Amino acid sequence: MCGIVGYAGKKTALPVLLDGLARLEYRGYDSAGIAWIENSSIRRKRCQGKLAALRDILEGGRISDAPIGIGHTRWATHGAPTEENAHPHTDCTGSLVVVHNGIIENYFSLRNQLTEEGHTFRSETDTEVLAHLVEKYLEDDLSDAVRKALADVEGAYAMGVLWQGAPDTLVAARKESPLVLGLGKGENFMASDIPALLPYTRDIIFLEDGDLAVITADAIEIKRIDTGEPVQREVTTISWDATAAEKAGFRHFMLKEIYEQPQAILNTFRGRIIPETGRVEIPEIQLQPEAINGLSRIVLLACGTSWHAGLVAKYWIEEWAGIPVEVELASEFRYRRLLVDERVLTVPISQSGETADTLAGLRIAKERNSPVISICNVVGSTITRESRGTIYTHAGPEIGVASTKAFTSQLTALYILALFLAQTRETMSADERASKLRALAKVPGMIEKNLKALHDACTGLADEFYQHSDFLYLGRHLHFPIALEGALKLKEISYIHAEGYAAGEMKHGPIALIDRNMPVVALIPRDHVYEKMVSNVEEVRSRRGIIIAIAEEGDEDIARIAQHVITVPAIAEPAAKPFLFTIPLQLLAYEISFARGCDVDQPRNLAKSVTVE
Ligand code: M6R
């Protein structure tokens, strides 16, 4: 997730671009860059780190009064957060520049092909192929060249292009990454998100997938990328204030991030799976098949929510790849006598990549010659730098302290890792892998379709239960860790005591807690332990507990045993169910926290990244 801005008008572009980028820094701040056209030539300034560093560089020199420009604030996905990898990127001649948010899935083959054709690359980014592709097709019409270039591209993009041959024109295009246009008087804008534009205009056009816009100071012309046909898009007048706009109209970052999950999951598996053939491609793992086949064990190492993701993955990896898995709390792992050697693969899982205990555990595993492959959301973070390879989750910055989209993205990365191991070890047929990948590919759409209804249902429940002081969460098999995660979400943001349990453990103690005041959130997917789970819920009912059942659509039986039922979309593949069952638990915790007046995004005593022991 990066932020892009563009301006074509009559006043000085640079302050508008810097101001817009500042309002988009929540989308990433690994590096920043800006380009403009002055005396018919492209000029560009970029630097590593936050926008403030770029501002210092610009303010240290003469500020150009150019009336057109583009800017970028980066959340690194391909290539380290360095100045060379900062946007805007240029073609070979330096006469055109591109800013981009998204992922070009076939960048590797495009880069090879363009290199063979004589293009010289200067960065490690996927974006740079866009600049060279546009260069390849450019004759005298920039928008035509962009359309031809995009015909070669697979993946997601929101992009802006400037060319010194058309010094009044900015070309923007989008597919599957957000991009809005702003309409002013004698000036027009483009940006990844509305907050960047609110000081200048409230008249916004939401570009649709496959749209390209030719933007000048006095006009915006929109056409389809594939056919070139002109299209009209509605102008929406935005009424949000600036703070609400930063959260895209959501009350809190956490809620926004819950709603971003379909995109985050999609971004994490995009380009890594081929559902038709059952293939998984994760070359960044940098482990040879012989090493994978020789593994004796896998250690998944993490804290908090990331540990819960590891607990789910244990079931997948053991079942599909036949390798024993231990899921370790990093704070415990680091102080034990460890039986770890070169045949044990260590996989630290961390959103931030900076969690002190996880990092310490990683270092100890490395001292014992264990190969380390991390799963992480933050490119260039310490854990990724110290790992042999990293499978990045592409969730974008997570700002709310409670982890939501990072969790489901970690599940996604672990799901494909488990299938990759099964593929390499030949423990699962291509057909079975294909079926599991097809199920994963359906998940984002299923979540998206159901989100609003689920949210309404959880709001209703929160109104009824927000004053309770204790909750139990029950699940079995894959949904035991999801119960743990549901309980953690509730306690960390609402300060209500909540416990997650394996439902089969109830009679070994916790059932003593059940009375008519105890809400019990029971996760009841239709899987091979469904009947067992139903029996456990019956046990709660006979002790007069209040049952809040999370069940699948079409499961009519649950309403007979539970006082409250929330349904999630039914998916046939059992392994994909945890994604869908996680969402209502996040929404319920969120709405209860909100109803109690808690600080949802920055709960007391917590930090987003725990960099101390
Ligand atoms: O950045 P990490 O994934 O390493 O962080 C681990 C935990 O601190 C984190 O998941 C924490 O439990 C969250 N607040 C949970 O919502």
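These legends describe close-up views of a predicted model.

**View 1. Helix 10 and helix 16 pass each other.** Two packed helices are described by the angle between their axes and the distance between the axes. Helix 10 spans residues 304–321, and helix 16 spans residues 479–494. Their axes come within 8 Å and cross at roughly 170 degrees. Angles over 145 degrees count as roughly antiparallel. Helix 10 and helix 16 are therefore roughly antiparallel to each other.

**View 2. The contact of helix 10 with helix 16.** Helix 10 brings Gly304, Thr305, Trp307, His308, Leu311, Val312 and Tyr315 to this contact. Helix 16 meets them with Phe480, Pro481, Ile482, Leu484, Glu485, Leu488 and Lys489. By class, the contact has 9 nonpolar, 3 polar and 2 charged residues.

**View 3. The shell around the ligand.** There are 14 residues around the ligand. Ser306, Ser350, Gln351, Thr355 and Glu492 come nearest. The shell has 4 nonpolar, 8 polar and 2 charged residues. Helix 10 and helix 16 each supply at least two residues of this shell. The largest share, 3 residues, comes from helix 10.

View 4. Ser350 places a polar side-chain atom 2.6 Å from an oxygen atom of the ligand. In the side chain of Glu492, an N or O atom is 2.5 Å from an oxygen atom of the ligand. Val401 takes part through its backbone: a polar atom there is 3.2 Å from a nitrogen atom of the ligand. Taken alone, the ligand exposes 410 Å². The protein buries 91% of that area.

Terms used: Residues are numbered from 1 along each chain as its sequence is written. This is a predicted model: local features need pLDDT of at least 70, side-chain atom pairs count only at pLDDT 80 or more; totals for chains, interfaces and linings use all residues. Side-chain values use heavy atoms; hydrogens and water are left out. Axes are lines fitted to C-alpha atoms, for helices over the stretch in contact, and angles run from 0 to 180 degrees between N-to-C directions. Helices (H or I, at least four residues) and strands (E, at least two) are DSSP runs, numbered from the N terminus. Angles under 35 degrees count as roughly parallel, over 145 as roughly antiparallel, 65 to 115 as roughly perpendicular and the rest as oblique. Contact means heavy atoms within 4.5 Å. Ala, Val, Leu, Ile, Met, Phe, Trp, Tyr, Cys and Pro count as nonpolar, Asp, Glu, Lys and Arg as charged, and the others, Gly among them, as polar. A residue is near a molecule or strand if one of its heavy atoms lies within 4 Å of it. A polar contact is a pair of N or O atoms within 3.5 Å; within protein, one must be able to donate a hydrogen and the other to accept it, and residues adjacent in sequence count only if both atoms are side-chain atoms. Accessible areas come from the Shrake-Rupley method with a 1.4 Å probe; for residues, only the protein chains shown count as cover.
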